[in-house]
Structures are given as structure tokens and as C-alpha cells.
Amino acid sequence: CTPTIGQDGIKVSDNIRIRKVTLQRVLDDISRFSTQATTPKELFDKVLWLLRDTTHYLAFAGFVARGDHIELVASKGWTEKLKSYVQRQPIAPDSPSLTGRTAYHRRQVVMAMKDYGLSPAVKAAINKLGGEYLVVTPLVDQERVVGVLTVINDRELTPADFEALRSICGQTATALSLELQGEAAAAKADEAVLYANIVARGMGDVVFLLNADKSQADSAVKMEKTMEPLMRSLNDNAPAGPVPLKDAVGIASSMARELAKAGHMRLNVRAAGLDDIEASPLLGFAVYEVLKNSVRHAASQSVDADIRLVRERSGACRLEISDNGPGI
């Protein structure tokens, strides 16, 4: 609103500029975002800014489906505390959040906050925003759940609101699906390069073992065999599936011990908390590279390394490795 002032300095009137926003304009903008964004997060950021400017909802959150989990990638109006509660949730019928359950059942959930009793902490955080209604909508593109859009509002939605929201979610699902396809293609290319580099480094260690001592021939053969799954993945153009973390760390420790033995050293590895966790087999090779550095930079002939898993409150896991070396 811009006041109009007369010659005597007295306000005469208010000039009000009204922005005409139609649903079709919003859908066109979302479609345009899919060509401008380079990541799912960037796309959701643009979509949520648009919704904040053109709708009456209090707060928004955009989640992306990745494997068997749903991850928060963008939000508007949410507090840091509220975001921490739902950062990453399993897609399951018994998921601790409505987001995870909505993605599993592929059905929109509309809930009054007074009826939301599953998580008091989340309920309290939403109440602080002034929200009385929670609407969680799955983003489905060609029978595939690609994400979830959550809106918080201070009043019940009308039939027209629901119709508009469904159209917006449908367009967002299509745009998000394109971003995820691009992300997957880029990740596949990066992973192929990474696999090739790991194989090259591993084969270099095989050559080292063969040149170090003829008695290390068996160790070289064992190490070469650990490269076979990666080479198969490269040939098949398909990444290796997850493996038990305990097994991946066990193989990494065994490979590092063989390398230490070739240098007339001893490597002792203690691992804790790795049970019931699966990870990419590439993580095992990352552990191997760290243990290899422990051996190469050791201050004595005996190296002691500890590997432990720390579980974060958000549900993420952190792998920690320490040794008795000088530090590098």
C-alpha cells in the first residue's frame, strides 16, 4: 500500500496494487522451475517460495524419497527444532512421522493438531507456529513416490483449497521426478569414475604386495579378489547393493593387515557398534584407505586402530576411526 499525499501534506488515499495469481500461473511456474533447478533441493526451495507468496498457508516442508527413507530438503516457516524431529524418516506403515507413513500408504493425510498425539514434541513445535491443521500429501509420478509436501495452516482447508493443492502437488511431483532422474544419472557417472579409481588403487596395492615379498603372493590374490565385485559392477553398469557394514569393515581390516604384514608391521583393529547396519561396499574401501594411512604413518611397528559407530539423534550414523599414531 502506497499512501497518496495531497499538496497540503495530508494523506488523500491509499493506492493498493493487487497481484492477480491464478492456479494455472502457479502450475506454469513450477513447470518452469524444473528447467532452472539443478538439484531436488533447489527445485523445492523455488516451489516453497512460490507457495509462500501465493497461498495462505503458515508453513511448508518438502521431502524427497530416497530408497526406503524420506528426507527433508527444504522448508519455509519451520523452526530448526521442528525440522530436527523429521529430518529423515523411514517409509513404513509404522514410521514415527506422518511423512513416512504418508509416503508408504500414498494417501493424503489431513489432521487437526488436537488429534495429533503420536509425537508430543512435534505437536508442541507445530503449535508454536500457530498451526491447527496439518496436511501431508504424497508426491507421486507414474506410480512412483518421489517425495512429500507438508503444509501447516491455521484453519481448515476448503474443497477449493484441496483441489488447488492436489494440482500443485501433481505438478511438483512431475518436476521433482525429472530432477531425481538427472541426479541419479549424474550419481551413476560419478560412481563409475569412483569405482574405476578404487580398482586402480587396489590393483596398485596388489602389485606392491607382489613386489614386496614372494611370500605375499596369497595376500595379493586375496586383495585382487576383493576387487572383483567392483569390476563386475563396472562391466554391468550397475552399482553394487548394500552389504552389512560389519562385513565391509572386516574385509577392509583384513586387506590393511596384509599390507602391514608386507611391511613387517602389525595392525590390530577393534570394531564396535557395527551390527544391524548396512552400507555401500564403497564405505569398506574408504575404511581400508584410512587404515592404510594408519599403517604408513605409524610411529612404531605395531598399529592399534579403533572403529566405532555413533548414532545421531536424527537417525544418521557416524563412523569414527582412531589410532595410536602421530596424527596426520
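Q: Two strands pair if DSSP finds at least two bridges between them; how many bridges join strand 3 to strand 8?
A: Six bridges join strand 3 to strand 8, and the two strands run antiparallel. Strands (E, at least two residues) and helices (H or I, at least four) are DSSP runs, numbered from the N terminus.

Q: What kind of model is this, and how are residues numbered?
A: This is a predicted model, in which local features need pLDDT of at least 70 and side-chain atom pairs count only at pLDDT 80 or more, while totals for chains, interfaces and linings use all residues. Residues are numbered from 1 along each chain as its sequence is written, and side-chain values use heavy atoms, with hydrogens and water left out.

Q: Back to strand 3, then. Which residue of strand 8 stands opposite Ala59?
A: Ile152 of strand 8 stands opposite Ala59.

Q: And how does strand 3 pair with strand 4?
A: Strand 3 (59–66) pairs with strand 4 (residues 69–76) in the antiparallel sense, over seven bridges.

Q: What is the strand order in the six-strand sheet?
A: The order is 5-4-3-8-7-6; the sheet is open and its pairing is antiparallel. Strand 5 (88–90) and strand 6 (109–112) each have a single partner strand and stand at the edges, so one side of each lacks a neighbour in the sheet. On average, neighbouring strands are turned by 20 degrees against each other, direction ignored. Such angles run from 0 to 180 degrees between N-to-C directions, with axes being lines fitted to C-alpha atoms, for helices over the stretch in contact.

Q: How is strand 5 attached to strand 4?
A: Three bridges join strand 5 to strand 4, and they run antiparallel. His69 has Pro90 of strand 5 as its bridge partner.

Q: How many residues of strand 3 are buried?
A: Seven of the eight residues of strand 3 are buried, so this strand is mostly covered.

Q: Which strands does helix 4 lie across?
A: Helix 4 (residues 98–105) lies across strand 3, strand 4, strand 5, strand 6, strand 7 (133–141) and strand 8 (144–153), and runs at about 40 degrees to strand 7. Contact here means heavy atoms within 4.5 Å. Six of the eight residues of helix 4 are buried, namely Leu98, Thr99, Gly100, Arg101, Thr102 and Ala103.

Q: What follows helix 4?
A: Arg106 follows helix 4, and its phi is positive, near 60 degrees. Most residues other than glycine have a negative phi.

Q: Where are Glu143 and Asp276 found?
A: Glu143 is in the loop between strand 7 and strand 8. Its phi is near 70 degrees, a positive value in a residue other than glycine, and Glu143 is exposed with a relative accessible area of 65%. Asp276 is in the loop between strand 10 (266–272) and strand 11 (278–279). Its phi is likewise positive, near 60 degrees, and Asp276 is exposed at 81% relative accessibility.

Q: Changing topic: what is the order of the three-strand sheet?
A: The order is 10-12-13, in an open sheet with mixed pairing. Strand 10 and strand 13 (317–323) stand at the edges with a single partner strand each, so one side of each is left without a neighbour in the sheet. The twist averages 15 degrees from one strand to the next. Strand 12 (residues 302–311) pairs with strand 13 in the antiparallel sense over seven bridges, with Val310 opposite Arg318 of strand 13.

Q: Which strands do helix 8 and helix 9 lie across?
A: Helix 8 (residues 245–262) lies across strand 10, strand 12 and strand 13, at about 170 degrees to strand 10. Helix 9 (residues 281–296) lies across strand 10, strand 12 and strand 13, at about 20 degrees to strand 13.

Q: Last one: at what angle do helix 1 and helix 2 pack?
A: Helix 1 (residues 23–36) and helix 2 (residues 40–54) pack at about 160 degrees, with their axes 9 Å apart. The contact residues include Ile30 and Phe33 of helix 1 and Leu43 and Val47 of helix 2.

Notes: Pairing = 2+ DSSP bridges. Buried < 20%, exposed > 50% of the residue type's maximum accessible area, 1.4 Å probe, protein only.
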